[in-house]
Amino acid sequence: MTYIHTIMERLQHSSPAQTEFYQAVEEVLQSLDPLLEKYDRYHRHAIIERMVEPERQIMFRICWVDDQGQVQVNKGYRVEFSSTLGPYKGGLRFHPSVNGSIIKFLGFEQVFKNALTGLALGGGKGGANFNPKGKSDAEIMRFCQAFMNELYRHIGPTTDVPAGDIGVGSREVGYLFGQYKKLVNRFDGVITGKSLNNGGSQLRTEATGYGCAYFANYMLEDQKSGLDGKRCLVSGAGNVALHTIEKLYQLGAIPVSCSDSSGTLYHADGMDLDCLRQLKSHSDGHLQDYLSEHSKARFIAKKDNPKDGHAIWHLPCELAFPCATQNELTEADAKALLANGCQAVIEGANMPCTSKAVQQIVRAGRLFAPGKAANAGGVATSQLEMAQNASMQRWSADEVDQKLKDIMCGIYTRSHEAAAEFNQPGNLLLGANIAGFRRLADAMIEQGVV
């Protein structure tokens, strides 16, 4: 029985029925074989056994009252995975799919993502099985306040600094921050993604999407290519997807798609970003309404997705940017992308490709940028927000953008160099996992058994 197999068996026993978490752990561990064979100190210090167990897991009940006066109950989570490199850092997700497995997979990924940035950040994640869709502003405010009534005990500017994620945008962050400030009687940078009025940073909203496009450009430039003229499939229609589309346009690419829970929108001439933003700014906006202004575009309803896949990945492209949610790009989708000549897949979301999809892409020799590297722009800019809060400064958009570019370049360089060091040049999946793991593991050894 191999070392990795033993670790996975132990994990399944200690954390039963957490399939997304197992998937995230196994993907990292499979990349570490070359490093573990070369250096036995990671075995001796039981680094992996320690890494896969969070330092702290917090679960709590959230009780709130809806607009009809009915008491509602949800479940909240905060998994503080690792504080080795800095305060726990990672978003809060409000979505009905949230459970212990989802939060642990996101937290585990966050640890390595944050390590890759080179910044002083630990890793964590949190959220609740609450669905903001269809709720009034008053209901969302009451829920956020009830959520923070439980969470505030465990967070702080040098302890744990949450941010937004799916279902948690500037509105929710504002309500969370306001309640925290009232409870602790302090104004500090305990949560990032705040509005500029509340001490937020320029470009924080745009950062994940912008960073994803910057990473893709660095990766392609290293191949003596670039984004200019490349036709790009982008999934999702939220914050990350829309800002990825925006920056792709700025860098000369042609994004031709987006998607949401209703289906896929394809516009071969290039997406009309202003029209998309107008549609998504309304709670009752539908992607299909885009066709009223663009008759050449095509909408493919979710019910018409191909078997074992998603219509968006069966369209022609040169680059694919899955920016929606976990496991949205399947093995069947990967085969379709390869058959259609896709040159690279750049993950804008957290673990959007299934394990088998990743294997297909890597084995075919196509470029693959894992989410822990390509979508780290958001957390990197969160750290810049933390720095501005701590020093009572506000940097310009140009200053933040330049720092974001530098950080994404550093992430690419570290991933690229680690892959080359272990004789797998261009394998950024292996390179990113090894680079993040090594920084974290070496620091753990230096800090002793704690």
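Reply: Two strands count as paired if DSSP finds at least two bridges between them. The strands themselves (E, at least two residues) and the helices (H or I, at least four) are DSSP runs, numbered from the N terminus. What you see is a predicted model, where local features need pLDDT of at least 70 and side-chain atom pairs count only at 80 or more, while totals for chains, interfaces and linings use all residues. Residues are numbered from 1 along each chain as its sequence is written, and side-chain values rest on heavy atoms, without hydrogens or water.

E1 pairs with strand E2 (residues 71-82) in the antiparallel sense, over 10 bridges. For one place to look, find Gln57 and you will see Val79 of E2 opposite. E1 and E2 make a hairpin with 5 residues between the strands, and in that hairpin Gly69 takes a positive phi near 85°.

Next, move to strand E3. What is the pairing between E3 and E4? Strand E3 (residues 88-94) and strand E4 (residues 123-128) run parallel, paired over 3 bridges. Leu92 is opposite Gly126 of E4, and Arg93 has Gly127 of E4 as its bridge partner. E3 is also joined to E5, again in parallel, by 4 bridges. On that side, Gly91 has Ala163 of E5 as its bridge partner.

How covered is E3? Mostly: 7 of its 7 residues are buried. Here buried means under 20% relative accessible area, exposed means over 50%, and partly exposed is in between (1.4 Å probe, protein chains only).

Phe177 is part of helix H8 (residues 170-184), and with a relative accessibility of 1% it counts as buried. What does Phe177 touch beyond its neighbours within four places in sequence? Its contacts (heavy atoms within 4.5 Å) are Phe187, Asp188, Val190, Ile191, Lys194 and Asn198. The C-alpha of Phe177 is 9.0 Å from that of Gln145, and these two residues are 32 places apart along the chain.

Gln383 belongs to helix H15 (residues 377-391). Its relative accessibility is 19%, so Gln383 is counted as buried. If you set aside residues up to four places away in sequence, Gln383 touches Leu119 and Leu121.

Now turn to some backbone angles. Most residues other than glycine have a negative phi. Ala17, though not a glycine, has a positive phi of about 60°. You will find Ala17 in the loop between helix H1 (3-14) and helix H2 (19-31), where it is exposed with a relative accessible area of 74%. Asp308, another residue that is not a glycine, has a positive phi near 60°. This residue sits in the loop between strand E10 (298-301) and strand E11 (319-321), and Asp308 is exposed too, its relative accessible area being 56%.

Finally, look at how some helices pack. Helix H9 (residues 207-221) and helix H16 (residues 397-421) have axes that come within 9 Å and cross at roughly 50°. This makes H9 oblique to H16. Under 35 degrees counts as roughly parallel, over 145 as roughly antiparallel, 65 to 115 as roughly perpendicular, and the rest as oblique. Among the H9 residues that meet H16 are Tyr210, Tyr214, Phe215 and Tyr218, and on the H16 side they include Leu404, Met408, Ile411 and Tyr412.

Helix H10 (residues 239-250) packs against helix H11 (residues 273-280) at an angle of about 165°, with the axes 11 Å apart. That makes H10 roughly antiparallel to H11. Leu242, His243, Ile245 and Glu246 of H10 make this contact with Leu273, Leu276 and Arg277 of H11.

Key. Axes are lines fitted to C-alpha atoms, for helices over the stretch in contact, and angles run from 0 to 180 degrees between N-to-C directions.
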